[in-house]
Amino acid sequence: MSQTAAGALTPESADGSGPPADNYLTHAHGVRSWLFTLDHKRIAVMYLVGILGSFVLGGVFALLVRTELIRPGPTIMSKDMYNHMFTLHGAVMIFLFIIPGIPAVLGNFALPLLVGAKDVAFPRLNLASLWLWMIGAVFFVVTLHVGGLDTGWTFYTPYSTETPSAVIPAALGAFVLGFSSIFTGINFIATIHKLRAPGMTWFKMPLFCWALYATAIIQVLATPVLGITILLLAAERVLEVGIFNPKWGGDPVLFQHFFWFYSHPAVYIMILPGMGVISEVVAVFSRKHIFGYRFIAYSSVAIAVWGFLVWGHHMFTSGMTPLAAMIFSALTFSVSIPSAIKVFNWLATMYKGSISLATPMCYALAFLFLFGIGGLTGLFLGTLSTDVHLHDTYFVVAHFHYVMFGGAMIAFLAGLHYWWPKITGRRYAERWGQLGALLTFLGVNLTFFPQFILGSRGMPRRYYDYAGLLDRHPDFQQLHVLSSIGAYLTAVAITVVLGTLIHSVFRGRPAPANPWGGATLEWQCASPPPYDNFASTPTAGDPYAVDEFEYDPAIDGYVRRSAPNPPGPCPVPSHD
Amino acid sequence: MTEPHAALAAQPADHPPHLAHHFDTLRQQFEAGKLGMWLFLVTEILFFGGLFCAYAVYRAIHPEIFVFAHHYLDKNLGAVNTAVLIFSSLTMAWAVRCAQLNQRRGLVACLAVTLVCAGVFLGVKYVEYSQKWQHGLLWAGWFKPVDEPGDPANAPSGEHGEQPRDVGIFFSIYFLMTGLHGLHVVGGMGVIAWILVLAARGRFSSQYYAPVDFTALYWHLVDLIWIFLFPLLYLIGP
């Protein structure tokens with residue numbers, strides 16, 4: 001649109017010593033050149049700004065909730081306001097932040113670079129996805145202004161068909177955001193199928209691409225079901241179609257089935273791309289070839305497929321035949337196998353590696369720890385007998401947040417720090433980055449570990465007041481206080497993280513083309529990349545041949561070894 | 001940087017006008033577009049899938065409602081609409097062939113006939129809907145059948161046994177499924193009209209006919225969904 005033809009590219013500096021004068025950030029100027037851009041990198045940057053804004057908004061809601069719970073009885077808000085706050089925290093975090101988070105920001109930026117393409121397959125669809133995200137965000141803002149939302153982010157019927165709060169604007173927002181997500185998914189599948197560089201076979205793709213591919217499958221197959229569910233909910237409120245209303249022969253539990261048919265796979269939309277980020281980071285910062293490439297790749301696809309078959313575990317207490325409950329429980333247990341395969345392969349990659357504790361690796365290590373806790377506590381919830389006890393308690397809240405904050409969000413931060421020099425052309429202050437990672441790790445644990453204890457001892461989720469429970473459980477008070485202090489610590493940590501990153505944009509040193517010694521294609525173009533990514537189509541080799549690169553102190557970055565291994569595509573180890 | 005890949009070092013001058021900058025060949029662009037279109041159709045199937053699922057659930061739980069209520073639908077009008085849509089799929093497929101063979105007049109004519117068929121379909125649908133509206137045969141919350149003895153559209157109440165409970169849920173599903181399908185017909189008409197204008201301006205050729213092809217894929221899906229809706233809603237049991 002507003003860009004000029006990409007004929008006059010400044011070739012990136014051959015030694016990677018500094019950012020080229022003409023890059024995607026400087027290629028065109030003005031607000032229109034951003035809002036109407038078709039460049040995947042600019043779309044990713046705009047997504048990043050919007051998504052971080054949503055994260056801060058959702059985080060403020062979370063802090064208000066935790067402040068209210070710091071002591072029993074009313075603290076800072078009314079009961080109704082509390083219901084609105086936890087609902088909006090969930091809805092904003094899920095629909096505006098974490099679903100688009102990694103795919104639309106890091107995926108959009110990195111995927112075409114990783115496969116050696118000039119853009120995603122459908123740049124206009126990509127821009128439409130961003131615009132739909134913005135429209136969805138507007139719907140949520142409208143929701144805030146016309147009565148809020150107090151249904152919980154799950155919109156469960158029959159309450160959601162009767163509450164006076166603004167269910168329809170919020171539901172339409174989620175509907176529009178669903179299409180935003182579908183467009184991203186369609187784009188990524190077509191890009192991976194059709195735009196890979198010469199030499200890049202399926203099994204020479206970076207594992208982040210496999211993860212995005214598996215994510216895109218879920219986005220394409222699951223999100224439309226959420227769309228129709230939300231339309232039915234809106235039709236229920238406006239027209240009284242009765243599909244979910246027993247008054248006319250409908251069934252509220254059917255809503256739960258429809259909702260979780262999307263929303264369980266959706267948690268894999270949130271975590272799978274994060275696992276892809278961790279695969280890249282662990283290999284590069286261990287200076288070792290990834291271990292078990294094919295197992296990690298296949299396990300992404302296995303999670304995507306299996307994820308469609310376990311939605312019933314959200315409804316063990318909603319009324320379901322014992323046979324169905326047993327089948328869903330067994331399938332839930334089996335879906336943990338591919339996740340565990342990934343974790344063991346990451347550990348094996350680190351084994352005897354030359355591990356550097358750069359900021360992205362700090363996040364990756366935090367991920368392994370937190371995702372381990374989050375994943376293993378999921379097994380308690382997949383077990384029928386214990387789930388009856390733990391259902392709708394803080395145990396579920398803690399499990400979910402260990403996986404989502406400790407998993408998806410930490411992986412997002414890992415990837416953001418990993419690709420930050422490529423995105424901005426600047427290096428952040430490493431010490432501050434590490435401090436941010438440490439504080440985040442401590443904050444998450446302090447917030448959510450007490451919630452495991454609270455939940456296992458019977459503290460129900462979504463309660464405004466727990467004064468009545470203190471007679472039998474006086475220590476609930478301290479645990480709630482600890483959790484709230486953890487939330488404040490997390491807020492401090494996020495402030496440090498964002499402050500470090502923003503500081504680097506203005507004061508950071510210029511980044512070399514390859515600051516970490518990665519062997520994937522994005523490190524072959526300059527930091528930040530030129531408008532067209534690659535002056536000529538690159539040829540792909542082994543994406544994890546990190547030992548072909550050595551550190552050059554002169555540029556504070558990595559360059560290909562002067563006496564390289566035999567040229568041409570490197571053989572992929574066959575031991576896996 | 002690695003050395004340029006010889007075969008793919010495309011010069012900008014080689015780029016045909018319809019080839020986007022990030023594709024190397026028209027063939028690659030066409031295949032990517034076609035894959036994207038198929039993926040979109042998959043999302044459409046799952047979108048309707050929710051309603052088909054609701055249909056299956058309620059028909060399994062309350063078969064008597066479906067047997068009783070389907071007599072209120074006009075099989076003849078449904079059959080006419082089925083024939084009209086299948087014929088429009090033929091003309092749409094023919095339009096793609098015309099584009100591939102550089103036959104501009106044929107392309108315009110086929111698209112125009114498809115558009116007319118879609119209009120006829122919606123006209124018939126309007127007649128059906130307005131009959132239901134007059135007789136109060138609406139979705140569950142608004143279901144208030146008007147008792148008019150001698151009216152064929154309202155006759156079955158005695159003829160087919162007692163009215164079961166919650167008959168309205170059948171009409172909820174009927175209106176939701178045919179309504180959503182109707183919206184897709186309207187959307188398809190918009191796209192076909194747009195393609196028609198471009199075709200009249202001579203925008204398509206044997207080198208570049210992807211938009212016609214992709215629109216046809218969409219239109220066939222809209223047709224196919226109706227082919228499922230017709231027996232499921234109109235041709236139930238005795």
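I'll start with one residue. Setting aside neighbours within four places in sequence, Phe367(A) is in contact with Ile278(A), Gly407(A), Ile410(A), Ala411(A) and Ala414(A); contact here is C-beta atoms, placed from the backbone, within 7 Å. This is a predicted model, in which local features need pLDDT of at least 70, side-chain atom pairs count only at pLDDT 80 or more, and totals for chains, interfaces and linings use all residues. Residues are numbered from 1 along each chain as its sequence is written, while chains are lettered from A and ligands numbered from 1 in the order in which they are written.

Back to Phe367(A). Together with Cys209(A), Tyr213(A), Ile278(A), Val281(A) and Ala414(A), Phe367(A) touches the most other members of the largest nonpolar core, which has 247 residues. Such a core is a set of buried Ala, Val, Leu, Ile, Met, Phe, Trp, Tyr and Cys residues joined through C-beta atoms within 7 Å. Buried means 20 or more other C-beta atoms within 10 Å of the residue's own, exposed 12 or fewer, and partly exposed in between. Helix H3 of chain A, residues 79-114, gives the most to this core, with 22 residues. Helices (H or I, at least four residues) and strands (E, at least two) are DSSP runs, numbered from the N terminus.

Next, how H3(A) packs. Its partner is helix H13 of chain A, residues 394-424; the two axes come within 10 Å and cross at roughly 25 degrees. Axes are lines fitted to C-alpha atoms over the stretch in contact, with angles from 0 to 180 degrees between N-to-C directions. H3(A) and H13(A) are therefore roughly parallel, a label for angles under 35 degrees. From H3(A), the contact includes Ile98(A), Gly101(A) and Phe109(A); from H13(A), it includes Met404(A), Ala411(A) and Trp419(A). By class, this contact has twelve nonpolar, two polar and no charged residues. Ala, Val, Leu, Ile, Met, Phe, Trp, Tyr, Cys and Pro count as nonpolar, Asp, Glu, Lys and Arg as charged, and the others, Gly among them, as polar.

Now chain B. It has seven helices and zero strands. Of its 238 residues, 34% are buried. Among its contacts between residues at least 6 apart in sequence, 78% join residues at least 24 apart.

Last, where the chains meet. The contact takes 39 residues from chain A and 36 residues from chain B. Which helix gives the largest share of chain A's side? That is H7(A), with nine residues. By class, the side of chain A that touches chain B has 24 nonpolar, eleven polar and four charged residues.

Definitions and conventions: Two residues are in contact if their C-beta atoms, placed from the backbone, lie within 7 Å. Angles under 35 degrees count as roughly parallel, over 145 as roughly antiparallel, 65 to 115 as roughly perpendicular and the rest as oblique.
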